[in-house]
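Thanks for making time this morning.

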Amino acid sequence: MPAILRLNPAQLNRAAIERAAAAIRGGEVAAIPTDTVYGLAADPFQPRAVERIFRLKGRPEWKPILLLVESRRQVEALVARLPPAFERVAARYWPGPLTIVLPAAPSLPWWITAGTDTVAVRLPGSALTREIIRAARVPLTGTSANRSGRPPAQSAAQVREAFPAGLALIVDGGPARTSAASTLLDLTGEPRVLREGALPAAEVLSFCRP
């Protein structure tokens, strides 16, 4: 079974964060807490690591992968352009539980975009999550830690129950802040909410208007 690495989100343990980041840099998959539910974190630019996530979850490969970032700089490296509405919603809701779909940079590999020419990104509200991303030195996959079709894990124990094998480790940052997934906003054309989650759709769309 995967080891559980317990961390206090209020007292960031640098050695423990580096241990998790090193596993990810080495091509492994780790489960980490986010600002919503637990997610499966891997280096999205290592195809074998992403393939392992699909296999663990039983997830169809035609689905694109959500990416977690720790800064605006990381977003800019992933996208072809930033629509005007991005500045307004990012200023209001980031860091936080809003995932934004943007035009993907042509350099992004197909296993991230699944051929959609778009990329979904989120700057999580959890400082622990952002520190793990920073230590890994790349954006991280942020797909929820569950088998496809099952509810997302809200604790390290639930992650271990769902994945008794296949993970390098589980970072235990305590129970999830919410049982809701992030709200998913598409800004590749006319702004639209693809999934209402932790944030109300109507409120998010109101910040997209000039």
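This is a predicted model: local features need pLDDT of at least 70, side-chain atom pairs count only at pLDDT 80 or more; totals for chains, interfaces and linings use all residues.

Let me begin with Arg-81, which at 45% relative accessibility counts as partly exposed, where buried means under 20% relative accessible area, exposed over 50%, and partly exposed in between, with a 1.4 Å probe and protein chains only as cover. Residues are numbered from 1 along each chain as its sequence is written, and side-chain values use heavy atoms, with hydrogens and water left out.

Arg-81 is found in the loop between helix H3 (72-76) and helix H4 (84-93); helices (H or I, at least four residues) and strands (E, at least two) are DSSP runs, numbered from the N terminus. Which residues does Arg-81 contact, leaving aside its neighbours within four places in sequence? They are Pro-103 and Thr-188, contact meaning heavy atoms within 4.5 Å. Pro-103 is 22 residues from Arg-81 along the chain, and the C-alpha atoms of the two are separated by 6.4 Å.

Pro-103 brings us to strand E5, residues 98-103, where six of the six residues are buried, so that E5 is largely enclosed by the rest of the structure. Two strands pair if DSSP finds at least two bridges between them, and E5 is joined by four bridges to strand E10 (residues 183-186), with the two running parallel. In that pairing Leu-98 stands opposite Thr-183. Another four bridges join E5 to strand E6 (residues 118-122), this time antiparallel, with Ile-100 opposite Val-121 and Val-101 opposite Ala-120.

What about the cover on E6, is it mostly buried or exposed? Five of its five residues are buried. In a regular strand the side chains alternate between the two faces of the sheet. In E6, Thr-118, Ala-120 and Arg-122 point one way, whereas Val-119 and Val-121 point the other way, and all are buried. Arg-122 is also the bridge partner of Leu-68, in a parallel pairing of two bridges between E6 and strand E4 (residues 67-68).

Stepping back to the whole sheet, six strands form an open sheet in the order E7-E4-E6-E5-E10-E11, with mixed pairing. Strand E7 (140-141) and strand E11 (192-195) stand at the edges with a single partner strand each, so one side of each is left without a neighbour in the sheet. At the E11 end, E10 and E11 pair in the antiparallel sense over three bridges, and Asp-186 has Arg-192 in E11 as its bridge partner.

Finally, a few words on the protein overall, which has eight helices and eleven strands. The C-alpha atoms fill a box of roughly 50 × 35 × 30 Å along the principal axes, and buried residues make up 53% of the 210. Among contacts with a separation of 6 or more, 66% are between residues 24 or more positions apart.
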